[in-house]
Amino acid sequence: MDDYPSDSDSDYTSYWRDWFIASRGNEYFCEIDEEYLTDRFNLTGLNADVQYYQYALDLVTDVFDLDCDDDMREQIEKSARHLYGLVHARYITTTRGLGKMLEKFKKSDFGKCPRVLCHGHPLLPTGLSDLPATASVKLYCSRCEDLYNPKSSRHATIDGAYFGTSFTNILFQVFPALVPEKTKE
């Protein structure tokens with residue numbers, strides 16, 4: 001009867017992506033599909049932008065098997081977070097990525113517009129640049145068409161390049177019913 005493992009067994013293995021998405025401050029990110037992450041076409045050119053690229057990719061895809069010291073592990077971890085963010089910017093412009101971000105938008109996971117006349121309209125994360133380390137993420141309100149800084153300091157440190165400059169435009173082109181009507185308010 002004890003031959004079957006239960007959900008409470010300590011043998012449960014946590015995957016890097018699950019850990020990353022569940023970490024405080026990473027609520028703006030959606031989970032990238034395994035197939036997308038392992039397709040080399042989707043990773044084109046990122047090896048030049050990410051230090052320890054192959055180790056970082058191995059960590060993100062849960063095949064990392066390098067015995068290294070803590071300093072090296074920390075550097076690879078930092079590179080893995082950066083790689084995930086850069087791939088995330090590409091992924092959220094795909095059909096599946098847009099769908100995942102749409103669900104987060106509908107639940108107001110990114111926050112609500114602080115302007116009274118926007119009546120709590122949901123916000124979307126956007127970048128001011130597609131180049132990493134240029135500007136932090138901003139929040140866009142499609143009702144007043146303004147940008148806001150995230151309320152939480154843990155979100156204010158997220159690189160805007162991890163969402164890109166075109167995500168919000170693509171989302172509203174694919175889902176035109178989401179574009180709010182202009183009001184006279």
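Predicted model: local features only at pLDDT ≥ 70, side-chain atom pairs only at ≥ 80, totals over all residues.

Modeller: Residues are numbered from 1 along each chain as its sequence is written, and side-chain values use heavy atoms, leaving out hydrogens and water.

Colleague: How is α5 oriented relative to α7?

Modeller: Helices here are DSSP runs of H or I with at least four residues, strands are E runs of at least two, and both are numbered from the N terminus. The axes (lines fitted to C-alpha atoms, for helices over the stretch in contact, with angles from 0 to 180 degrees between N-to-C directions) of α5 (residues 95-106) and α7 (residues 167-174) come within 11 Å and cross at roughly 90 degrees. Angles of 65 to 115 degrees count as roughly perpendicular, so α5 and α7 are roughly perpendicular.

Colleague: Which residues of α7 does α5 meet?

Modeller: Contact means heavy atoms within 4.5 Å. From α5, Leu98, Met101 and Leu102 take part, and they meet Phe167, Ile170, Leu171 and Val174.

Colleague: Which strands are the edge strands of the sheet?

Modeller: Two strands pair if DSSP finds at least two bridges between them. The open sheet has three strands in the order β1-β2-β3, with antiparallel pairing. Pairing on one side only are the edge strands, β1 (123-126) and β3 (146-148).

Colleague: What is the bridge partner of Tyr140 in β3?

Modeller: Strand β2 (residues 138-141) pairs with β3 in the antiparallel sense over three bridges. For Tyr140, the partner in β3 is Leu147.

Note on methods: Parallel < 35°, antiparallel > 145°, perpendicular 65-115°, else oblique.
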